[in-house]
Amino acid sequence: MGPSEFRRRVVFLLAVVPACSCGYYLVDNSRTIHVALSAEGAVHPEALPAVSEALSSGLRDQGLRLSSGEADAELAVVVTGSAEHAALPAEDAAGNFQPSAWETALEARATLRRADGAETDLGTFEASGLEALGHDAAADDAAQASAYALAARLLAERIVAAVLAAW
């Protein structure tokens, strides 16, 4: 090994070693999963898309590849309930109490079915989200959607953790 080859290796090591110690890690992405998402009962229209996006993101972050075809496992999630109501009353300038936030709640049950036929009931999960009300109808709708997105992220975190523990 000549001096230039030695320098290249030293520069490479000096670049790679700090990157490895900065929290970067390689995840195993050889596992594939199919997600079957459905609703049962009265579920708010914002709930399913929010749960779908949060589950997809959470599973990918853990190194699982999403598949619409054959997969190592299928995650069946049924959203069984969603609820919202105005919360956190606050006093306005006239001294009247008005709601100041949307509070949303989601409930779902999940089952993991492996390709070999084994099935694991992951249980029932609940999560809620809170978002400040807007100053008009459009901002109010956006706040409600944001509260559902927050609840869906928390719900997805719990479901993904259960999938990883059962895998």
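In which loop is Gly 69 found? Gly 69 sits in the loop between strand S2 (65-66) and S3, in what is a predicted model. The protein chain has three helices and five strands, and read along the sequence these follow the pattern α-β-α-β-β-β-β-α. Of the 167 residues of the protein chain, 28% count as buried, and the accessible surface comes to about 10,000 Å², of which 55% belongs to carbon and sulfur atoms.

**Overall contacts**

- Among contacts in the protein chain between residues at least 6 apart in sequence, 68% join residues at least 24 apart.

**The nonpolar core**

- The largest nonpolar core has 28 residues, and those with the most contacts inside it are Ile 33, Leu 55, Leu 75, Leu 106, Leu 122, Leu 155 and Ile 159.
- At least two residues of this core are supplied by each of H2, strand S3 (73-91), strand S4 (97-114), strand S5 (119-132) and helix H3 (137-166), and the largest share, nine residues, comes from H3.
- In soluble globular proteins, nonpolar side chains tend to be buried together.
- Ile 159, not counting residues up to four places away in sequence, touches Leu 55, Leu 75, Val 77, Ala 110 and Phe 125.

- The buried residues of H2 are Ala 47, Ala 50, Val 51, Ala 54, Leu 55, Ser 56, Gly 58 and Leu 59, and the helix is followed by Gly 63, whose phi is positive, near 90 degrees.
- H3, with 30 residues, reaches 43 Å from its first C-alpha to its last, which is close to the 44 Å expected at 1.5 Å a residue.

- Not counting residues up to four places away in sequence, Ser 38 touches Leu 48, Val 77, Val 78 and Val 79, while its C-alpha atom is separated by 8.7 Å from that of Thr 80, 42 residues apart along the chain.
- Glu 103 is found in strand S4 and, at 29% relative accessibility, also counts as partly exposed.
- Leaving aside its neighbours within four places in sequence, Glu 103 is in contact with Ala 83, Glu 84, His 85, Ala 87, Gly 129 and Leu 130; of these, Ala 87 is 16 residues apart from Glu 103 in sequence and 6.0 Å apart in space, C-alpha to C-alpha.

- Gly 69, in the loop between S2 and S3, is partly exposed, with a relative accessible area of 45%.
- Gly 69 and Ile 33 are 36 residues apart in sequence and 9.1 Å apart in space, C-alpha to C-alpha, and Ile 33 is one of the residues with the most contacts inside the largest nonpolar core.
- Ala 115 is found in the loop between S4 and S5, and with a relative accessible area of 63% this residue counts as exposed because the value is over 50%.
- Even though Ala 115 is exposed, it touches Ala 71, Asp 72 and Ala 73, not counting residues up to four places away in sequence.
- The C-alpha atoms of Ala 115 and Ala 73 are separated by 5.3 Å, although the two residues are 42 residues apart along the chain.

How values were computed: Residues are numbered from 1 along each chain as its sequence is written. This is a predicted model: local features need pLDDT of at least 70, side-chain atom pairs count only at pLDDT 80 or more; totals for chains, interfaces and linings use all residues. Side-chain values use heavy atoms; hydrogens and water are left out. Buried means under 20% relative accessible area, exposed over 50%, partly exposed in between (1.4 Å probe, protein chains only). Helices (H or I, at least four residues) and strands (E, at least two) are DSSP runs, numbered from the N terminus. Contact means heavy atoms within 4.5 Å. Accessible areas come from the Shrake-Rupley method with a 1.4 Å probe; for residues, only the protein chains shown count as cover. A nonpolar core is a set of buried Ala, Val, Leu, Ile, Met, Phe, Trp, Tyr and Cys residues joined through side-chain atoms within 4.5 Å. The expected span of a helix is 1.5 Å times one less than its number of residues.
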